[in-house]
Amino acid sequence: MNPVLEVRNLTGGYSPRRPVLHGLSFQVEPGEMVGLIGLNGAGKSTAIKHILGLMQAHEGEVRVQGQTLGQEPGQYRSAIAYVPETPLLFDELTVEEHLHLTGMAYNVEESRYSDLTANLLDDFYMTPKRSAFAAHLSKGMRQKVMIMNALLARPPLYIIDEPFLGLDPLGIRSLLDKLVEVKREGAAIFMSSHILSTVETYCDRFIVLHHGKIIAQGSLSDIRSAAGMPSDNGTLEEAFYRLTADGGPHGG
Ligand SMILES: Nc1ncnc2c1ncn2[C@@H]1O[C@H](COP(=O)(O)OP(=O)(O)OP(=O)(O)O)[C@@H](O)[C@H]1O
């Protein structure tokens, strides 16, 4: 199966003289959820910015559905729905107007649009807020609007940066249920999060980023083995602790 996302030997960062990411290589297949985990400052958001094409690689490349951003910018961008850590909305548009814009941008068929949006508003307990301006929403509600828009677009690749912050327990459950649903339909999901118990339960594979390098990747047993633990016993949190306990990006 061809990967939806392929990162090859990616070195990058904010200044060519001081790369933040060092030779990252990984892929995400259709129908797979991959969790990116790492301490504060490990380089998770920087990696995501490179994948989105917001930053230029110093070396290496990123392909989405086999194409680089330079080869097929329109196709590359429309294949991705991105949920950022901090919600970015138009304050003067309502919840419904945001969904409408996404529907148009991602060519959601008219016939499906009403049902899809009604279900999303219902699933995220946002129906009473459908006509509210984004400026009048709570932080968690703003996050839900970002998530509903991503799910409405039904793209082949979801990139989700720390999605659980600010969501209430019902919102977290709704999001996870929806991610499982789109994954079953064949979507690829690349998610960064510090909530390791949830990452362990829902992700198929894991990438441990430390000081901008991948120090372990694969299934839970692969990560346990890399951490020097028995491959059949122990939590992701324990393995992560053993792999990174040198104090983080500025430690030993
Ligand atoms: N705009 C920027 N300009 C220069 N350096 C930056 C910038 N943003 C982040 N960095 C640096 O890049 C490194 C990686 O940061 P990044 O935001 O990718 O970490 P992260 O893994 O997403 O952390 P967190 O878990 O705290 O969100 C850090 O050393 C950080 O100081």
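Against which elements do the buried residues of α6 pack? In this predicted model, they pack against β3 (33-37), α4 (110-123), α5 (139-153), β6 (157-161), β7 (188-192) and α7 (196-202). The residues concerned are Gly171, Ser174, Leu175, Leu179 and Val182, which are the buried residues of α6; seen down the helix axis they fall within an arc of 135°, so they line one face of the helix. An α-helix has 3.6 residues a turn, so residues three or four places apart point the same way. On the other side of α6, Pro169, Leu170, Arg173, Asp177, Glu181 and Arg184 are exposed. The length of the helix was also examined: at 1.5 Å a residue, the 16 residues of α6 (residues 169-184) should span 22 Å, and the end C-alpha atoms are 23 Å apart, which agrees. Just after α6, Gly186 takes a positive phi of about 110°.

Strand β8 (residues 205-210) pairs with β9 in the antiparallel sense over five bridges, and Leu209 has Ile214 in β9 as its bridge partner.

Glu61 is placed in strand β4 (residues 59-64). With 14 C-beta neighbours inside 10 Å, Glu61 counts as partly exposed, since a residue is classed as buried at 20 or more such neighbours and as exposed at 12 or fewer. When its neighbours within four places in sequence are left aside, Glu61 is in contact with Arg8 and Thr68. Glu61 and Ala239 are 178 residues apart in sequence, and their C-alpha atoms are 29 Å apart in space.

As to confidence, the chain averages a pLDDT of 93, and 97% of the residues score at least 70. Over residues 248-252, however, the pLDDT is below 50, although this stretch has ten contacts in the model beyond near neighbours in sequence. Where pLDDT is low, the predicted coordinates should not be read in detail. For the complex, the predictor gives an ipTM of 0.98 and a pTM of 0.93.

How values were computed. Residues numbered from 1 in each chain as written. Predicted model: local features only at pLDDT ≥ 70, side-chain atom pairs only at ≥ 80, totals over all residues. Helix = DSSP H or I, 4+ residues; strand = E, 2+ residues; numbered from the N terminus. Expected span 1.5 Å × (residues − 1). Arc of directions from axis to C-beta. Contact = placed C-beta atoms within 7 Å. pLDDT = per-residue confidence, 0-100. Pairing = 2+ DSSP bridges.
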